[in-house]
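Hi,

Here is the structure I promised to pass on.

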Amino acid sequence: MPGIEGEFERVGSSKTRQVDVRMIAATHVDLEKAVADGRFRADLYYRLSEFLIYVPPLGLRGEDVVLLAQAFLDELNTRHGAQRSLAPEAHRRLREYPWPGNVRELRHVMQRSYIYDGGD
């Protein structure tokens, strides 16, 4: 993906610096609609929309939820020297929940569950 290349001088400096910048932005808002409704600046949208990737919300990604939950659990097990695992019932519940907070919510749920649950 092309970036923004150029040069600049810091305020008060005479040294020119080279830059090569890539920007990634994410939102759950339909920005095209927001631009049409006047709730988002069109010029900013066109600067950000050079290369769009649609990633469905976590609640629509079924088995990805379980894989991410297991990855978070693996991190926690490593950090705490334990070998906890997810029960089959947990797999079902993880897949059924809509996850409005997406991956951040899932991470927090896994951390909270790890703290509250004393067993395996």
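Let me start with Asn102, which is partly exposed because its relative accessibility is 31% (buried means under 20% relative accessible area, exposed over 50%, and partly exposed in between, with a 1.4 Å probe and protein chains only). Before going further, some bookkeeping: this is a predicted model, where local features need pLDDT of at least 70 and side-chain atom pairs count only at pLDDT 80 or more, while totals for chains, interfaces and linings use all residues. Residues are numbered from 1 along each chain as its sequence is written, and side-chain values use heavy atoms, with hydrogens and water left out.

Back to Asn102: this residue sits in helix H5 (helices are DSSP runs of H or I with at least four residues, strands are runs of E with at least two, and both are numbered from the N terminus). Its phi is near 55°, a positive value in a residue other than glycine. Trp99, in the loop between H4 and H5, also isn't a glycine and has a positive phi, of about 50°. Trp99 counts as buried because its relative accessible area is 4%.

**The core**

Trp99 is also one of the residues with the most contacts inside the largest nonpolar core, along with Val65, Ala69, Leu86, Leu94, Leu106 and Met110. That core has 15 residues (a nonpolar core being a set of buried Ala, Val, Leu, Ile, Met, Phe, Trp, Tyr and Cys residues joined through side-chain atoms within 4.5 Å). H3 and H5 each supply at least two of the core residues, and H3 gives the most, with 6. As general background, nonpolar side chains tend to be buried together in soluble globular proteins.

Which residues does Leu94 touch, leaving out those up to four places away in sequence? They are Val65, Val66, Ala69, Leu86, Trp99 and Leu106 (contact means heavy atoms within 4.5 Å).

**The cavity**

How many cavities of 30 Å³ or more are there? The count comes to 1, and the largest cavity has a volume of about 30 Å³. The rule works on a 1 Å grid over the protein atoms alone: a cavity is a set of points where a 1.4 Å probe fits but cannot get out, and lining residues have an atom within 4 Å of a point. Points are joined across faces, edges and corners, and a volume is the space filled by probe spheres set on the points.

The lining of the largest cavity consists of Phe72, Glu75, Leu76, Arg79, Arg107 and Gln111. By type, the lining divides into 2 nonpolar, 1 polar and 3 charged (Ala, Val, Leu, Ile, Met, Phe, Trp, Tyr, Cys and Pro count as nonpolar, Asp, Glu, Lys and Arg as charged, and the others, Gly among them, as polar).

Glu75 belongs to helix H3 and is partly exposed, its relative accessible area being 36%.

**Salt bridges**

The count of salt bridges comes to 10 (a side-chain nitrogen of Lys or Arg within 4 Å of a carboxyl oxygen of Asp or Glu). Among them:

- Asp43 with Arg41, whose closest N and O atoms are 2.8 Å apart. Asp43 is partly exposed at 38% relative accessibility, whereas Arg41 is exposed at 53%.
- Asp64 with Arg61, whose closest N and O atoms are 3.2 Å apart. Both count as partly exposed, Asp64 with a relative accessible area of 32% and Arg61 with 24%.
- Glu89 with Arg93, at 3.4 Å from N to O. The two are about one helical turn apart, because 4 residues separate them in helix H4 (residues 88–96). Glu89 and Arg93 also belong to one network, in which salt bridges that share partners join them to Arg92 and Glu96.

**A last pair**

Val55 lies in the loop between helix H2 (42–48) and H3. With 53% relative accessibility, Val55 counts as exposed. Its C-alpha atom is separated by 9.7 Å from that of His28, 27 residues away along the chain.

Cheers

How values were computed. 1 Å grid on protein atoms, 1.4 Å probe; cavity = no way out; pocket = protein on both sides within 12 Å on 5 of 7 lines; lining within 4 Å.
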